[in-house]
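Please look through the model shown here and follow the report below, one topic at a time.

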Amino acid sequence: MDTQHSDDVLGRARVTDTPELEAYYRELETLGAGALWTVANDIEPWEPRTSSIPMLWKYSDLRELVLKSSELVTPEQAGRRVVYLVNDKRRDVSAAVGWLYTGIQVTRPGESTSAHRHRASALRFIMEGERGYTVVDGHKIMLEVNDFVITPNSAWHEHGVEEGGKTCIWQDGLDIPLVNALEANDYAVFDGKQPLVAPVNYLPMSYSGAGIVPSQHVWDKPYSPLFKYAWKDVYPALLKAAEVNEGSPFDGLIMRYTNPLTGGHVMQTMGATMQLLRAGEHTKAHKHTGSFVYQCAKGHGYSIIGGKRFDWRERDIFCVPSWTYHEHVNLSDSEDACLFSFNDLPTIEALGLYQEKAYPENDGYQILEA
């Protein structure tokens, strides 16, 4: 064992129990107390330690079941008609990975949900459908496939599909497990429908200019005013960036969705990225703190996560736990692949907890399980 990682070194707990010590521990227990040295090595690991495992959810397996939910319950009965995706090691907190939740929501033409809000932040990535919409704090925003949409902490929001549209399916992402762990969550339902306060698509059309923002509109919220990040703008931007930027050896050409007013993350506790893998690209492996949930927006390929290969294609969802080695491969020799992801990096970074490590080049990363 690496000496620096051995617990048999000065500075780590190395107490050998005796009958006298065990009696002492029992006495402490009766007072709601304990001896730190009995748990110190476990609660202070040498390196970050995840309680999640890598997982992949195949859209081809889930799609029919997601649609079936629209036959079984209405949006009003369910509150939100969602099939949630849960990590085998995080079922106790309904998390997909770490402290992040994700699910797949379906809405039929003419349906809508009641407006509600919660302390947890939320986001959407649109997978299928036409004429879907969301209303966030009175701003109605139309949705298209591969659009990324935010519904921030405590903002009133509702979703629906207009008459004459096509059934919409999108991925939800929330930090519900984190906010619940902090014992700070809440939930409220709006009395009636939200009145619209601006023309449809007012915010995304006002703030999506080429590096310009409205000079007269006052925005004092701690999250992005650009509630929708349209795929029709994002993908061309990726292609343009690819002409002059080689990107990251670990993530390909990766771009972060940002608040146009600050350049920071879109919300206080969750961030999101879109990355492009060039034809045939195979990234190097690395690991970092922070949990990630991915969705393939374009193309097909695979990722090696914690030594296991996960093959993905459009609409498949997978997760990368914190401090887990991972790399990505685009299997096409002629087309690019695009991966959307959301993460808890704003929280990790704000608390000064981010760290990253490349996989040792000479060790040769091996697939342990296909």
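## Strand β19 and its partners

Q275 stands opposite L339 in β19. The strands β12 and β19 pair in the antiparallel sense, over 7 bridges. Strands are DSSP runs of E with at least two residues, helices are runs of H or I with at least four, and both are numbered from the N terminus. Two strands pair if DSSP finds at least two bridges between them.

L339 in β19 is also the bridge partner of C296. Another pair is V293 with F342 in β19. Strand β14 (residues 292-298) is joined to β19 (residues 337-343) by 6 bridges, and the two run antiparallel.

This is a predicted model: local features need pLDDT of at least 70, side-chain atom pairs count only at pLDDT 80 or more, and totals for chains, interfaces and linings use all residues. Residues are numbered from 1 along each chain as its sequence is written, and side-chain values use heavy atoms, with hydrogens and water left out.

## The sheet around it

The open sheet has 6 strands, in the order β1-β17-β14-β19-β12-β11, with antiparallel pairing. Its edge strands are β1 (55-57) and β11 (253-256), and each pairs on one side only. On average, neighbouring strands are turned by 25 degrees against each other, direction ignored. Axes here are lines fitted to C-alpha atoms, for helices over the stretch in contact, and angles run from 0 to 180 degrees between N-to-C directions.

Helix α7 (residues 231-244) packs on this sheet. The helix touches β11, β12 (271-277), β14 and β19, and its direction makes about 55 degrees with that of β12. Contact means heavy atoms within 4.5 Å.

## Why is β19 largely enclosed?

Strand β19 is largely enclosed by the rest of the structure because 7 of its 7 residues are buried. Buried means under 20% relative accessible area, exposed means over 50%, and partly exposed lies in between (1.4 Å probe, protein chains only).

In a regular strand, side chains alternate between the two faces of the sheet. In β19, A337, L339, S341 and N343 point one way. C338, F340 and F342 point the other way.

How many disulfides does a search of the whole structure find? It finds 0. A disulfide is a pair of cysteine sulfur atoms within 2.5 Å. For C168, the nearest cysteine sulfur is that of C296, 20 Å away. For C296, the nearest is that of C338, 8.1 Å away. C168 counts as buried at 2% relative accessibility. C296 counts as buried at 0%.

The buried residues of α1 are L21, Y25 and L28. They lie on the same side of α1, because they cover an arc of only 60 degrees around the axis. The arc is that of the directions from the helix axis to the C-beta atoms. The face turned away from this buried side carries the exposed residues P19, E20, R26 and E27.

W219 lies in the loop between α6 (202-207) and β10 (228-229). W219 is buried, at 18% relative accessible area. Leaving aside neighbours within four places in sequence, W219 is in contact with residues including L203, Y207 and L261. W219 and L261 are 42 residues apart in sequence, yet 8.9 Å apart in space, C-alpha to C-alpha.

R12 sits in the segment before α1 (19-29). R12 counts as buried, at 15% relative accessibility. Beyond neighbours within four places in sequence, its contacts are S6, D7, N41, E44 and W46.
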